[in-house]
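Q: I have a model open and would like to talk through how its parts sit against each other. Could we start with the helix packing?

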Amino acid sequence: MSEIDQLALTSCEGELRGQRHRTQVLIVGGGPVGLALSIELGWRGIHSILVDRRDGLIPLPKMNGVSARTMEFCRRWGISDAVRDAGWPQDYPVRMVYATSVRGHEFFRYDRGTATNRQQSNNTPEHFQRCPQTWFDPLLREHSKRMSTNTLRYHTKLERFKDLGAQVEGEVIDLLSGTYQTIEADFMVACDGGKSGVRSQLGIATDGNALLSREVNVYFECSDVYAGCEERRAVMTWLVGRSGVWGAVSSIDGRALWRLWLTNMPEDFDAEDFDARRAVRDALGADVEFKVTGVLAWDRQQLVARKFSKGRVFLCGDAVHSLTPTGGFGMNTGIQDAVDLGWKLAASLNGWGGAYLLESYEQERRPVAVRNVDEATHTFSLISSLPAFECLSDEDQQGLDARRKMGEILRNEQFKREFQNEGIVLGYRYDPSPICIPESSVPAPDFVMSYHQTARPGSRAPHAWLSEGRSIIDLFGRGFVLLDFAQSKTTVDALVSAAKTRKVPLEVVHIGPSHQDLYETRLVLVRPDGHVAWRGESLPGDAMKLIDQVRGAIDQQIAISVPEVYNAPPLKVSIR
Ligand SMILES: Cc1cc2nc3c(=O)[nH]c(=O)nc-3n(C[C@H](O)[C@H](O)[C@H](O)COP(=O)(O)OP(=O)(O)OC[C@H]3O[C@@H](n4cnc5c(N)ncnc54)[C@H](O)[C@@H]3O)c2cc1C
């Protein structure tokens with residue numbers, strides 16, 4: 001019987017046993033998303049208990065790319081330098097290579113410099129950072145642990161829970177001692193991964209495709225991958241054979257740890273029986289010393305949950321969206337969930353969040369999840385659509401011609417969207433949203449590869465440098481911020497007084513006209529998560545109504561149309 005079935009079976013009514021603990025938020029799952037939520041809540045002074053059934057170690061890392069937006073959150077939490085300095089070599093070439101094997105025939109490469117000399121985007125004070133989960137998760141964990149509001153409990157599994165209306169009760173078992181405890185919380189947030197037992201127990205279905213293809217990761221140690229061919233060194237080498245794409249080799253730590261990913265494994269694939277050494281040798285295309293350290297089979301999926309919450313229970317991360325890793329959006333999308341939900345939970349617990357504020361979590365985040373999940377599949381489909389040339393590895397003229405042709409195909413700009421996707425990373429917006437005041441202006445197109453900063457309500461408030469090392473986005477986070485570009489020419493007293501009446505934290509920053517062209521209006525109200533709630537030349541007549549809407553106290557009943565998750569057919573990628 002699967003673990004999910006067991007959880008569902010024990011979810012029947014019954015007295016919860018053992019010692020009782022009380023907290024504001026019970027977080028289930030200590031992957032990167034659960035840890036990020038514990039930090040976001042702790043940063044806002046909210047107490048949480050996080051439980052994870054495992055020991056917190058990451059033997060086989062999946063994620064290795066931290067997006068610029070996640071880095072902006074890390075900057076807010078005070079750990080972006082630590083992520084940057086975690087160990088990725090600053091001089092490692094940010095290069096993608098397409099070849100028959102790591103040392104085989106190469107037909108195309110993208111060079112993007114190194115971490116130190118790459119072109120810096122003007123749209124963010126941060127940038128994409130390679131930082132494998134083996135470094136990133138422990139960094140989050142240590143930071144979370146240091147917060148006096150946070151308790152992290154490993155080897156502790158949520159067995160069952162009850163939503164009692166006024167609070168949630170979770171029964172957890174300490175897997176080392178076998179003892180049960182009950183945790184009472186105002187809210188519970190499940191960050192329990194793609195096979196979410198909580199989602200299952202809540203009866204929330206998913207849309208999309210649960211099996212695009214079967215995949216396997218082989219982890220190996222090797223110091224000589226590029227011995228004698230240093231010019232081939234890459235962060236990732238896509239492997240293309242006579243039947244098309246069959247996998248990729250990526251550097252995990254920029255040194256001796258590697259991951260070989262193989263796609264489209266057969267239905268009866270058995271990790272125990274699999275000749276991992278042979279696969280690595282084929283992928284390297286050379287007889288060098290290496291040691292296989294692990295094999296991880298996983299399913300490529302394209303799923304979004306129909307609901308992101310039920311009652312006092314919320315879901316974040318892979319628990320509500322499972323996507324293909326192409327583009328590196330999985331964890332990063334989950335951390336955005338945690339940030340969107342974090343300030344709303346804090347506002348509700350601190351008494352100033354309105355009755356409809358928490359509903360806006362799903363209304364804002366589900367459309368973004370569908371967008372990112374679909375883009376991830378699209379990118380993978382693109383790379384999978386590379387044609388098959390029988391003679392691709394041949395040494396004769398035909399082979400040469402086939403490789404030249406492959407290079408020409410890969411020159412198409414669209415293939416860059418896997419790693420040039422600032423539009424996806426920074427351009428996600430909550431539009432429409434019941435807690436943002438809509439505008440009649442025409443929204444900028446939602447592009448994948450490029451991003452145009454805008455302060456249109458629902459968008460991430462734009463970045464500009466205020467002084468050396470200080471971005472305008474460093475002003476945002478704790479409460480609402482009213483940017484006043486006109487400086488004292490406009491009176492904002494009515495809004496300050498409305499916020500005070502409703503106990504909404506609001507700071508007015510008289511910023512002067514220097515960045516008004518970027519924000520376009522004289523007044524801009526920015527939410528605690530750094531998204532624009534409202535903007536205008538002057539305050540609306542009813543400032544109290546504005547405050548009530550942005551704190552979710554008005555039932556907006558707006559229709560949010562979420563596109564159907566694209567139900568892609570299983571990808572037809574053939575193996576060698
Ligand atoms: C090959 C690969 C490469 C990837 N690369 C990237 C990348 O570069 N960038 C990116 O953003 N994403 C990437 N991803 C996706 C990323 O790994 C996931 O999106 C991310 O790990 C999800 O985090 P999570 O915290 O939601 O879930 P998980 O990491 O799955 O964590 C869930 C946690 O919940 C715990 N748990 C489950 N049930 C219970 C229970 N009942 N009680 C207590 N604890 C429980 C589990 O032990 C686990 O620790 C990649 C994925 C793959 C497969």
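Q: Which strands does helix H9 lie across?
A: In this predicted model, helix H9 (residues 359–384) lies across strand E11 (206–221), E12, E13, strand E15 (291–305) and E18, and runs at about 125 degrees to E15. Helices (H or I, at least four residues) and strands (E, at least two) are DSSP runs, numbered from the N terminus, and axes are lines fitted to C-alpha atoms, for helices over the stretch in contact, with angles from 0 to 180 degrees between N-to-C directions. Two residues are in contact if their C-beta atoms, placed from the backbone, lie within 7 Å.

Q: And what does helix H10 lie across?
A: Helix H10 (residues 397–410) lies across strand E4 (95–99), E5 and E12, at about 25 degrees to E5.

Q: Before going on, how are residues numbered, and what pLDDT is needed?
A: Numbering starts from 1 along each chain as its sequence is written. Because the model is predicted, local features need pLDDT of at least 70 and side-chain atom pairs count only at pLDDT 80 or more, whereas totals for chains, interfaces and linings use all residues.

Q: What is the strand order in the open sheet of eight strands?
A: The order is E5-E4-E12-E13-E14-E11-E15-E18, with mixed pairing, where two strands pair if DSSP finds at least two bridges between them.

Q: Which strands stand at the edges?
A: Strand E5 (106–111) and strand E18 (321–322) do, and each has a single partner strand, so one side of each is left without a neighbour in the sheet.

Q: How do E12 and E13 pair?
A: Strand E12 (residues 236–241) and strand E13 (residues 244–251) pair in the antiparallel sense over six bridges, and Trp 238 stands opposite Ala 248 in E13.

Q: New topic: which residues come nearest the ligand?
A: Of the 33 residues around the ligand, Gly 29, Gly 31, Gly 193, Gly 317 and Gly 330 come nearest; a residue counts as near if its C-beta atom, placed from the backbone, lies within 6 Å.

Q: Which elements supply that shell?
A: Helix H2 (32–43), strand E8 (156–163) and H8 each supply at least two residues, and the largest share, four residues, comes from H8.

Q: Where are the domains, and how far apart are their centres?
A: The domain assignment, which is automatic or from a database, gives domain 1 (3–87 + 131–205 + 305–361) and domain 2 (436–550), with C-alpha centres 29 Å apart. Eight residues of domain 1 are in contact with eight residues of domain 2, and H8 gives the most to the side of domain 1 that touches domain 2, with three residues.
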